[in-house]
Number of protein chains: 2
Amino acid sequence: MKFDLSKISQPTLLLDKERVINNIARMREKAQQGNVLFRPHFKTHQSAEIGEWFRQNGTNKITVSSLRMAEYFAKNGWQDITLAFPVNIRAIDKINEIAKRIRLNLLVENVEGVEFLGHNLQTPVSIYIKVDTGLNRTGVWWQNTELVEAIVSICQKSKMLEFAGLLTHSGHSYRIQANINEIYSQTAQRLNELKSAIKKKFNVPCLLSIGDTPCCRTLESFEGIDEIRPGNFVFFDVMQHQLNVCAEEEIAIALACPVVAKHENRQQIVVHGGAVHLSESSMPYKNGSEHFGFIVNLSENDGWGKSMADSYVRAISQEHGIIQAGESLFTQTKVGDLIGILPVHSCLAANLMCEYLSSDGQYIKMLGG
Amino acid sequence: MKFDLSKISQPTLLLDKERVINNIARMREKAQQGNVLFRPHFKTHQSAEIGEWFRQNGTNKITVSSLRMAEYFAKNGWQDITLAFPVNIRAIDKINEIAKRIRLNLLVENVEGVEFLGHNLQTPVSIYIKVDTGLNRTGVWWQNTELVEAIVSICQKSKMLEFAGLLTHSGHSYRIQANINEIYSQTAQRLNELKSAIKKKFNVPCLLSIGDTPCCRTLESFEGIDEIRPGNFVFFDVMQHQLNVCAEEEIAIALACPVVAKHENRQQIVVHGGAVHLSESSMPYKNGSEHFGFIVNLSENDGWGKSMADSYVRAISQEHGIIQAGESLFTQTKVGDLIGILPVHSCLAANLMCEYLSSDGQYIKMLGG
């Protein structure tokens, strides 16, 4: 038995352990074949226990997106952590505390940040420059060699700052109809141009790191890149599936939701499962409206199967999910049943739920849970 | 001093206690003047301590939206709790556990639910029928007197089910350009028509309860209604302000966010403060795009002032907030500063943050924190 559904009385985040283990193994293998370092992003699962599944697979370097996560995973034995968020200098005390215990890799993207670190760090850290290769969210624009050189130069003058390389997040690969191959080529080319400029002036190592799951998953090889930091792949989700990044069968979490009402005139089912469980992330549905999750049947022995072609989460509020049901789902479903929802964005759903029920019968805690 | 900003190093949810106390007092006074029962919804703040501020103001009946909240507030001394969500019969053990300790009021909207309760409850509870007066989310459609009568009839035959009244949530009052007066009149009229039908057949009390903050806040009187259950008013938010339900000066929480980067070419400021802090709730901005929060200056002595006319949160991702800054904000702001964001939807932001820093210097815990 995968899940003892009879014991589930509240919205519960089910985790198919076999799928997670396979997702981890496949991505790690890909990194090995592509001859790149594998530094998975743990912001998706945020769980010490799931971290152990990575460790068993040979992972020893990780990525996180907040100091809180860095602290949590450092406490759980991770010795080499990249905090992939522009450094928050207000948190220097916590940074010093963590940097004393592990190898901490920080991101900078301005002179103020790196100078502040140089003056206030008590232990050496590795410094990556966050580079904007096209997403336009944050980072030094890849053509701004002047600023990049200024940062490297500050690192070279400081005993606390060891310049390590360039890091980018090509998050524009998440956009619908993005050309993922093209984005990868452009990203790699831009990072390498910048690296050449650095190498002309400085005798430093310069590792190149990328992070988005779409590129990491779909590319055949990682020419010109040294490290990948995908995160979402551990669970995948409907968004990645709709972006053609994963097969639906690879989605490894589903929210089990109790049915509380049925409305025949509009063929809708109301479940306990809303914005505080799934987040408000939505994607376009095939009928032109937006949806907040795909619907699956839950089974004790098999977990969940293929999503239903004619049913979807049409609306959510704080605690409610409104399922627009196909005829067969509507007819079969009774008040008190459980319905499974594949989340649109697994990182945000996991962050809200704080706990998983694994297919091996264990409840798995995460940061904040 | 209201807030010791120098001690804030991470995204922190600031709470202006004076504003909260005023918001509570004003709504309670309104209920008293309108001669309706005041049963505030605690799903917005989810905090035992803030609950005490209500208690000090004379509140002794509350509303929650999940059994988890019912359990938490029952443990914190609340003796009369309405769980304003269609009953989840899978959770009957927990329902029985809580019903033994306090007066628990449950919502039903179908025969299956109420029959199940009749057979499985171990302690009597009060039953409200959830009525759909126009929102079309959930509840018995107000004209479906047949189903309502069937439910009342089941209650009458059971020792465990005490029929208490009709409850609705006119959530369509949250829609942009909703005519709140019209929605209220229609809601009250529909509930009263249904009540008349019940009274013709059954000799039962039939309390009428409404819940949306827009109606509760803006109506001058509550003719035809017995109870109000507003929740959001305790903090309000940018959504309520943009719906003309509250003044901006009444918004009682703001997220303090560390500035990590500035991008001059697009006049944007990047803060630590994203979807895991604010949620993804958005509203239309005056320039036609959507926004994820208004921007305020934070001050140690005064908390925060009026939002800036030319700056807003333009985009968010898991941890990042991207602020489109007006010239003066952009020029004044340095990396390492704190910027305040008024959330679009305070219920979801509070649910994510799990903790408040109050203007009296105390950290206030909440459920899950």
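Ser358(B) counts as buried, because its relative accessibility is 0% and buried means under 20%. The structure is a predicted model. This briefing covers the surroundings of Ser358(B), then the packing of helix α6 of chain A against α7(A) and against α5(A).

**Ser358(B)**

- Strand β21 of chain B, residues 355-358, contains Ser358(B).
- The side chain of Ser358(B) makes a polar contact of 2.9 Å with the side chain of Asp360(B).
- Beyond its neighbours within four places in sequence, Ser358(B) touches Lys2(B), Phe3(B), Leu15(B), Lys17(B), Trp53(B) and Ile364(B).

**Helices α6 and α7 of chain A**

- Helix α6(A) spans residues 145-156 and helix α7(A) spans residues 180-201; their axes come within 10 Å and cross at roughly 50 degrees.
- The crossing of α6(A) with α7(A) is right-handed.
- On the α6(A) side the contact is made by Thr145(A), Val148(A), Glu149(A) and Val152(A), and on the α7(A) side by Leu194(A), Ala197(A), Ile198(A) and Lys201(A).
- Sorted by class, this contact has 5 nonpolar, 1 polar and 2 charged residues.

**Helices α5 and α6 of chain A**

- Helix α5(A), residues 111-120, has an axis that comes within 10 Å of that of α6(A), and the two cross at roughly 0 degrees.
- With that angle, α5(A) is roughly parallel to α6(A), because angles under 35 degrees count as roughly parallel.
- From α5(A), Val111(A), Val114(A) and Glu115(A) meet Leu147(A), Ala150(A), Ile151(A), Ile154(A) and Cys155(A) of α6(A).
- The contact of α5(A) with α6(A) has 7 nonpolar residues, no polar residues and 1 charged residue.

Conventions
Residues are numbered from 1 along each chain as its sequence is written. Chains are lettered from A and ligands numbered from 1 in the order in which they are written. This is a predicted model: local features need pLDDT of at least 70, side-chain atom pairs count only at pLDDT 80 or more; totals for chains, interfaces and linings use all residues. Side-chain values use heavy atoms; hydrogens and water are left out. Axes are lines fitted to C-alpha atoms, for helices over the stretch in contact, and angles run from 0 to 180 degrees between N-to-C directions. Helices (H or I, at least four residues) and strands (E, at least two) are DSSP runs, numbered from the N terminus. A crossing is left-handed if the near helix is turned anticlockwise from the far one by less than a right angle, and right-handed if clockwise. Contact means heavy atoms within 4.5 Å. Ala, Val, Leu, Ile, Met, Phe, Trp, Tyr, Cys and Pro count as nonpolar, Asp, Glu, Lys and Arg as charged, and the others, Gly among them, as polar. Buried means under 20% relative accessible area, exposed over 50%, partly exposed in between (1.4 Å probe, protein chains only). A polar contact is a pair of N or O atoms within 3.5 Å; within protein, one must be able to donate a hydrogen and the other to accept it, and residues adjacent in sequence count only if both atoms are side-chain atoms. Angles under 35 degrees count as roughly parallel, over 145 as roughly antiparallel, 65 to 115 as roughly perpendicular and the rest as oblique.
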